[in-house]
Amino acid sequence: MEFRNSIHSNLFFELGLNRNQKIYSLNNVPVHGKIPDWLNGTFLRNGPGMLNIKNRRLNHWFDAMGALHKFDIRDGKVDYSCRFIECDSYDGVIESGDLKFSEFATDPCKSIFKKVQSYVFPSLPNMTDNPKINVARIGEKWMALGETPMQVEFDPKTLKKIGVSEPVPGAFSYKTTAHPHFDKEHAYNLVVKFGMISYYKIYDVAKPGGKPLASIPIKKPAYIHGFGMTKKYFIITAGPLVVVPIELLFWKRPYIENHKWRPQDGASIWVIEKESGKVKAYFETDPFFCFHHVNAWEEGNEIIMDINAYDDASIIQKYYLRELEQPDVELPFGTIRRFRLNLSTKKADIQIISNACIELPRIDYNRYNTESNYRFTYGVSLNPNERKGFYNSVVKINVQTGENSYWFETGCYPGEPVFYPSPKSKSDQDGVLLSIVLDTKTQNSFLLILDATTMNEIARAGLPEPIVYGFHGDFFPAI
Ligand code: CO
């Protein structure tokens, strides 16, 4: 690569994380196998598209300019296209050739970086608006989602920007998650408001401009990537990766590096009544870190909550590109942990469901979120026989028995597996998984379609280019 001097042999890194996405479209992508005739719709995926800017490489997997990828599947045929996400941060890079806003772990060069543009604490004026993490349909709008509440509405046919949605007034005072929860016509999201007193707040982002449904004051807000929801409750989990908000005012280092791991503080869990916004119960546990909640439901006087957790936040350190470019990088094992939160005794009982490594976990969300009879979660994983390097397999975990099974192919690096049920699906394994796989053998990517029951391949649609390794997506059936 033109930006790198050192020679090393991590082909996955060079193809999947050390480059900028080639933007193109291709009709009738070659398909091997037979795509089920009921699988008609659009698979959209968000993630990094540009990791090299001007004469430097960005620091972290989460820093990139975002790109959307689209696979239109119809009658067994596949069309593909991709596009960078237009926003102030991306426009700034195109205009100036360099970062103009602070990304997750990379700041703009000092010469163009106005450290504090606004003195109205706690505005975060330099923070990126790049919604590069997830996609969602919120009401009638197709949204690209990131961790600032400036979300970009796009046209699902062209992937072009339609506009910016600001569901929370004064969005630059906030951080949010790219993992809203859906419940009938509602779309709930957690936002963190920084200030002398900071707050965790929950909003219905399907109804912009509304009041928060819940508001919890907090001295040292945690880095939070997702939250939980049952039928009656929201669940906020905060590991001790926390920031003293005044550090953000002075902004001496990139955003995430203002956060400190404080295991002595333990982790906090709030269970909040959806209807009243009141805290029903508060729990303190041993420290843990998680990006992703998996599922949660009510059972008698308990709430059962599955999360994809780690002992500490070192996974964020491992996602720096300088770490990932090491061929023998060892990623911390995230596992599914089940929390039984007793609303009477306020005691939390925690158990690891399976020793399988998992990240980017997915379930059959539309039918099984908040349901006690959910049985399966799917994610990317490290094959037990090949634990070094980046995620090299798709794992399926039975959360009732702890059993797991894998899809694995030499030289392949699958992305988040998205579950979509078959038409008469009777369980949360009765359907397909869709995953974008980077194949270092062919140095290209393909769309993989797996039978979620057997974890066997049904079909693949091969592209003539590698896709930068991304984050989250979803399958939207044809209307
Ligand atoms: Co995520």
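Histidine 292 is buried, with a relative accessible area of 6%. Buried here means under 20% relative accessible area, with exposed over 50% and partly exposed in between (1.4 Å probe, protein chains only). Histidine 225 is likewise buried, at 6%. The model is predicted, so local features need pLDDT of at least 70 and side-chain atom pairs pLDDT 80 or more, while totals for chains, interfaces and linings use all residues. Residues are numbered from 1 along each chain as its sequence is written, and side-chain values use heavy atoms, without hydrogens and water.

The cobalt ion is coordinated through NE2 by His179, His225, His292 and His472, at 2.0 to 2.1 Å. Donors are N, O and S atoms within 2.8 Å of the metal (3.2 Å for Na, K and Ca); water is not among the atoms, so sites may look incomplete. Along the chain the donors follow the spacing H-x45-H-x66-H-x179-H. Histidine 225 lies in the loop between strand S16 (214–218) and strand S17 (228–229), and histidine 292 in strand S23 (residues 289–299), so the pair ties together parts 67 residues apart in sequence. Helices (H or I, at least four residues) and strands (E, at least two) are DSSP runs, numbered from the N terminus. The four donor atoms subtend angles of 95 to 154 degrees, which makes the arrangement irregular. Four donors count as tetrahedral if all angles lie between 85 and 135 degrees; four count as square planar and six as octahedral if opposite donors are over 155 degrees apart and all others between 65 and 115; anything else is irregular.

The largest nonpolar core has 60 residues. Such a core is a set of buried Ala, Val, Leu, Ile, Met, Phe, Trp, Tyr and Cys residues joined through side-chain atoms within 4.5 Å. Trp61, Tyr319, Phe390 and Tyr469 are among those with the most contacts inside it. Tryptophan 61 touches residues including Tyr319, Phe390 and Tyr469, not counting residues up to four places away in sequence. Contact means heavy atoms within 4.5 Å. A second, separate core of 22 residues includes Phe43, Ile73, Val432 and Ile467.

Valine 468 sits in the loop between strand S35 (457–462) and strand S36 (473–477). Valine 468 is buried, with a relative accessible area of 0%. Valine 468 and methionine 50 are 418 residues apart in sequence, yet 8.4 Å apart in space, C-alpha to C-alpha. Among the residues that valine 468 touches are Pro48, Gly49 and Leu51.
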